[in-house]
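Please examine the sequence and the model, then work through each solution in order.

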Number of protein chains: 2
Amino acid sequence: MTDDARWLDETEARAWLGYRRMFLLLNREVARDLAQECGLSEADYDVLSNLSGAPGDSIRLTKLAAHLKWSKSRLSHQLTRMQQRGLISREEHPSDARGAVIVLTEEGRRTIEEAAPNHVASVRRNFIDLLTPQQLAAFGDIAWSVVERLNEAAAPQKTS
Amino acid sequence: MTDDARWLDETEARAWLGYRRMFLLLNREVARDLAQECGLSEADYDVLSNLSGAPGDSIRLTKLAAHLKWSKSRLSHQLTRMQQRGLISREEHPSDARGAVIVLTEEGRRTIEEAAPNHVASVRRNFIDLLTPQQLAAFGDIAWSVVERLNEAAAPQKTS
DNA sequence: CCAGTGTAGTTGACACGTCACCATCTCCCC
DNA sequence: GGGGAGATGGTGACGTGTCAACTACACTGG
């Protein structure tokens, strides 16, 4: 904190430290809400949410990993834990013997549908409602412009 | 992602999902840089950085935890790992037998002084340089206003 | 001085994320 | 159609963060 300040100017340091602090507090709050109210982690929520929007409530592992911007390894571990809790299941891909297809179980569907309103309320309480519409718009622009630049840097070749 | 979109309007969803995505990518990049270039985690860096700014290169555990906004438990675990690597040491508090005083070792000082320029460069590369000064200023305002609101909510009683 | 309450810090169990590595399968080209 | 390159997905080890429970000490009122 103090070290950064010597090397970044005031505005830069304020932005960076603000980012770090905001993300520390905000993630903690949202994760706690989700855990206490729904018994889910943010990772669980993201996976379930993506699955419930997919056709047939199922999706290929690699595709899901790409969508979430997770590593395949991370997703595989996550799925193992979720499978043990009965939220998802793995099934064989009909035409590609390597492939696993991730399927939302009934319990998984019930869980995400119950969790979604709580989670949205939590996000409102801890983030959305703390800012003006102008600030939200500005924040969205800034965040996605950072994301785009980081994506370019990370994968300058892929077009799809 | 898709579930949120049904309950937040376009601007709100863009801000929230942008936040989540930015934080995912940005943390990954900065953490990777720090690990590869300096052999440190972000947590290591934060602790060392705070210690090196403290009088006598030492600080009480609870005070450091409050400063970092970490739980005492998290800090204790972190310090155990850092102690094993020789970056810090724990010493007895002269007047409070319960108290541990965290001290930066010589190696810890060398490490943080070597890491700081690399880390600042990484932060510039992955964040600061991707935004205009206006965006940085706006971002700082937004982030700290969220932080203040979350702090109020979490601890409405403490004044010091 | 001692009983009760609060504070400082630690610990164990567990969930999570990363890295490195592996087994398996597909695809393409000769 | 055989062989190598690349993709799919999983695993183990390890560092990290959280919660809950715990030890040990300090402080305060009787």
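**Exercise 1.** Determine which part of DNA strand C lies 2.9 Å from an N or O atom in the side chain of B:Arg60.

Solution. Step 3: A:His77, by contrast, places a side-chain N or O atom 3.1 Å from a base oxygen of DNA strand C.

The model is predicted: local features need pLDDT of at least 70 and side-chain atom pairs pLDDT 80 or more, while totals for chains, interfaces and linings use all residues. Residues are numbered from 1 along each chain, chains are lettered from A in the order written, and side-chain values use heavy atoms, without hydrogens and water.

**Exercise 2.** Identify the helix that gives the largest share of the surface near DNA strand C.

Solution. Step 2: the largest share, 5 residues, comes from H5(A); helices are DSSP runs (H or I, at least four residues), numbered from the N terminus.

**Exercise 3.** Find the side chains that reach phosphate oxygens of DNA strand D, including that of A:Thr62.

Solution. Step 1: a polar side-chain atom of A:Thr62 lies 2.4 Å from such an oxygen. Step 2: for B:Arg74, the distance from a side-chain N or O atom is 2.8 Å.

Methods. Polar contact = N/O pair within 3.5 Å; in protein donor to acceptor, adjacent residues only side chain to side chain. Helix = DSSP H or I, 4+ residues; strand = E, 2+ residues; numbered from the N terminus.
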